[in-house]
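Here's a quick briefing to read with the model open.

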Amino acid sequence: MIDMRSAVGIRFGVALAALALLSVLGFHETAMAQGSAQPPVTFTKDVAPILQEKCQSCHREGYMAPMPLVTYEESRPWARSIKSRVSARHMPPWHVDRTVGIQHFANDRSLTDEEIATIVRWVDSGNLHLTLKFLGNMQEGKLRAVAMAMEKVAGATVSPRLYLGPVGAFPTINRPRVLWVGLGGEVEALRELSTALNQSLARLGFPRETRPFSAHVTIGRVRENAAPSVLRQLGTALGAVFVPPIGFDGDEMVLYQSILGPGGPLYSSLFRCAMGVTRPPA
Ligand code: HEC
């Protein structure tokens, strides 16, 4: 019934990948239970210290492990693999059964349950994308220049701290066609980020956005041929959805490609860079 943002052919866009505790309409349970803004997990503040203490003795340039896990850029591509290895307690390698015998060792580099939970939350949360700019079709030759422009803008910007607000629909909640989630928080900073990106991409020949920036995320579209009864049901369901004010920081900017397939568009990231200015710990 709901078509995710559809596009024809291969299209490109730049998104702010956000550490939101939400995967479209599947709300994160702990956030629901608490019903209040949860502090976002960030790489610099929460994950990097764990990697430094527990992983980098091996995962660094020139040491035994296959890849360094020092910077954000080095770690992010391994996120899924990190999650599965740490949840299974295969990493860090520590061949002592924690449930029997002596429980405390000097140099114990195994992870605490809390550290595992933090890493898992970081990995799981990288699933909300706010599209900052659609690029449309693009020649491959432009990729490098676009990546450089992104790096420059992202590197000079503190990622806005945002909150997901209420769910709504255009044109009205009773006749929903386009479903969206509103945004609150540092929306002005998000607007500035979008303007800066637009300006530097305009220099590369991508037309500037003429529509005013709007602070909501499109989460789906309703098919043209949906029956009125279905629309009414959907409207009622949407009206009843309560979105807890979930806080998130966008922690990276992503250049993505979407290819329309039979099951809807497939997104793949071509380039990603971290937002540059690190926020001081709250
Ligand atoms: C004692 C050294 C050591 C420590 C400490 C260590 N690792 Fe590893 N890690 C390795 C080695 C060696 C491999 C390659 C062999 C393998 O895949 O098991 C590896 C492989 C991995 C892989 C699999 C890479 C792939 O190919 O998918 C991941 C993910 C990983 N480590 C994450 C971590 C994380 C996260 C930590 C810290 C919580 C950590 N490791 C701590 C030595 C270490």
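This is a predicted model: local features need pLDDT of at least 70, side-chain atom pairs count only at pLDDT 80 or more; totals for chains, interfaces and linings use all residues.

**Around the ligand**
- The ligand is surrounded by 18 residues, and the closest are Cys55, Cys58, Ala65, Met91 and Pro92.
- Helix 4 (residues 79-87) supplies the largest share of that shell, with 4 residues.

**The overall fold**
- You're looking at 8 helices and 10 strands in the protein.
- Of the 282 residues in the protein, 27% are buried.
- Take the contacts between residues at least 6 apart in sequence: 74% of them join residues at least 24 apart.

**A strand pair to look at**
- Strand 6 (residues 161-172) and strand 7 (residues 175-185) run antiparallel, joined by 9 bridges.
- Getting from strand 6 to strand 7 takes a hairpin of 2 residues.
- For one of the pairings, find Ala169: its bridge partner in strand 7 is Leu179.

**Arg76**
- Arg76 sits in the loop between helix 3 (72-75) and helix 4.
- Arg76 counts as buried because it has 22 C-beta neighbours inside 10 Å, and the cut-off for buried is 20 or more.
- Leaving out residues up to four places away in sequence, Arg76 touches Glu252 and Arg272.
- Arg76 and Glu252 are 176 residues apart in sequence, but their C-alpha atoms are 9.8 Å apart in space.

Note on methods: Residues are numbered from 1 along each chain as its sequence is written. A residue is near a molecule or strand if its C-beta atom, placed from the backbone, lies within 6 Å of it. A residue is buried if 20 or more other C-beta atoms lie within 10 Å of its own, exposed if 12 or fewer, and partly exposed in between; C-beta atoms are placed from the backbone. Two residues are in contact if their C-beta atoms, placed from the backbone, lie within 7 Å. Two strands pair if DSSP finds at least two bridges between them.
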